[in-house]
Amino acid sequence: MTNIQTKKELNEEYKNVKYILTSSMRTKLLLALYEHSKKLEEIRKDLKKPSATILHGLKELENKNLIRKIQKHYELTSNGYILTTNMIKLIENWYSINKSKQFWNKHDLSDIPKEMLKDIYLLKNVEYETSTTSDLSNAFNKYIKLLLKSTELKIILPIYSENHFKHMIDFLNKHEQAKLELIVNEKILNSIKQNKNLERKLLENEKVIVKCIEQDLKLFLTCSDNFMSLTLFLNDGHYDDSQILIGKDKNAIKWALNLIQCFSHN
């Protein structure tokens, strides 16, 4: 496939997406039928619109092969289901970004792979925490409380921080079944080795697996059995521990785990 062919096909798909998203009625109809087929009366009840308006929208979608009518029920075609699934993902991505826009706008996202950015919708339920002038450690303290309640941790650590190491050691000492997977670059690993106390309590601890990667990552990611958290570097290159995203639902944890696997396999 040539670049010209690709652009033509993308332009055609853009027209189809635009056709749907520029009409609230067409969008609502697809969403109304996403879970299961419905009769006209059910759709009218859901959308609270007159039958004539709904029928006009249904006919437009039928002409595009996005819905079909079987007896008295309207349902999505395979094309309609795929399009609606991706439309929902687009809406949820937009919601997730807008919900925490202060966080995303101010930070360097260059080390988050594009395929992971496409799945930002999985973070729609995360909480954005920030420190204030009256409580400079607010974000960090909330992170530590969750960390100490966990039993398994996977952490991408882009900075050498004895404060963080202290709490990791507390975590290991607190839970008999604790497990820690720590992903760091060579520079940080060498710095840990130079600190005999950290070397003994972390590197020589049978509960700890340390993986060394080549990249100097600009993201601090934690994934545990009950939460995930993300802090990033500012666009000027400085690490920012004053703002953090914290998620406790399975989708957020899944996103974090997938991101960690992007680097732990390198």
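Tutor: On a 1 Å grid over the protein atoms alone, a pocket is an open set of points with protein on both sides within 12 Å along at least five of seven lines, a cavity is a set where a 1.4 Å probe fits but cannot get out, and lining residues have an atom within 4 Å of a point. Points are joined across faces, edges and corners, and a volume is the space filled by probe spheres set on them. The model is predicted, with pLDDT of at least 70 needed for local features and 80 or more for side-chain atom pairs, while totals for chains, interfaces and linings use all residues. Residues are numbered from 1 along each chain as its sequence is written, and side-chain values use heavy atoms, without hydrogens and water.

Student: Which residues lie nearest the centre of the second largest pocket?
Tutor: This pocket has a volume of about 280 Å³. Elements are DSSP runs numbered from the N terminus, helices (H or I) of at least four residues and strands (E) of at least two. Those giving two or more residues to the lining are strands E5 (152–156), E6 (179–185) and E8 (219–224) and helix H12 (250–264). Of its 17 lining residues, the nearest to the centre are Glu152, Leu153, Lys154, Lys179 and Leu180.

Student: How many charged residues are in that lining?
Tutor: Asp, Glu, Lys and Arg count as charged; Ala, Val, Leu, Ile, Met, Phe, Trp, Tyr, Cys and Pro as nonpolar; the others, Gly among them, as polar. The lining of the second largest pocket has seven nonpolar and two polar residues, and the charged ones number eight.

Student: Which element gives the largest share of the lining of the largest pocket?
Tutor: The largest pocket holds about 350 Å³ of space. Its lining has 14 residues, with Asn86, Met87, Lys89, Leu90 and Asn93 closest to the centre. Helix H1 (3–21) and helix H5 (78–99) are the elements that supply two or more. The largest share is nine residues, and it comes from H5.

Student: What is the volume of the largest cavity?
Tutor: There are two cavities of 30 Å³ or more. The lining of the largest cavity includes His164, Thr222 and Asp241, and helix H8 (138–148), E8 and strand E9 (228–232) each supply at least two of its residues. By class, this lining has seven nonpolar, four polar and one charged. The volume of the largest cavity is about 90 Å³.

Student: Which element gives the most to the lining of the second largest cavity?
Tutor: About 30 Å³ of space lies in this cavity. Its lining has seven nonpolar, two polar and no charged residues, among them Ile183, Val184 and Asn185. With three residues, the most comes from E6.

Student: Is His107 buried or exposed?
Tutor: His107 sits in the loop between helix H6 (101–106) and helix H7 (114–117). Leaving out residues up to four places away in sequence, His107 touches Leu232, Phe233, Leu234, Asn235, Asp240 and Gln243, contact being heavy atoms within 4.5 Å. Buried is under 20% relative accessible area, exposed over 50%, and partly exposed in between (1.4 Å probe, protein chains only). At a relative accessible area of 3%, His107 is buried.

Student: How far apart in space are His36 and Met228, C-alpha to C-alpha?
Tutor: His36 is in the loop between helix H2 (24–32) and strand E1 (38–39), and is partly exposed because its relative accessibility is 45%. In sequence, His36 and Met228 are 192 residues apart, and their C-alpha separation in space is 33 Å.
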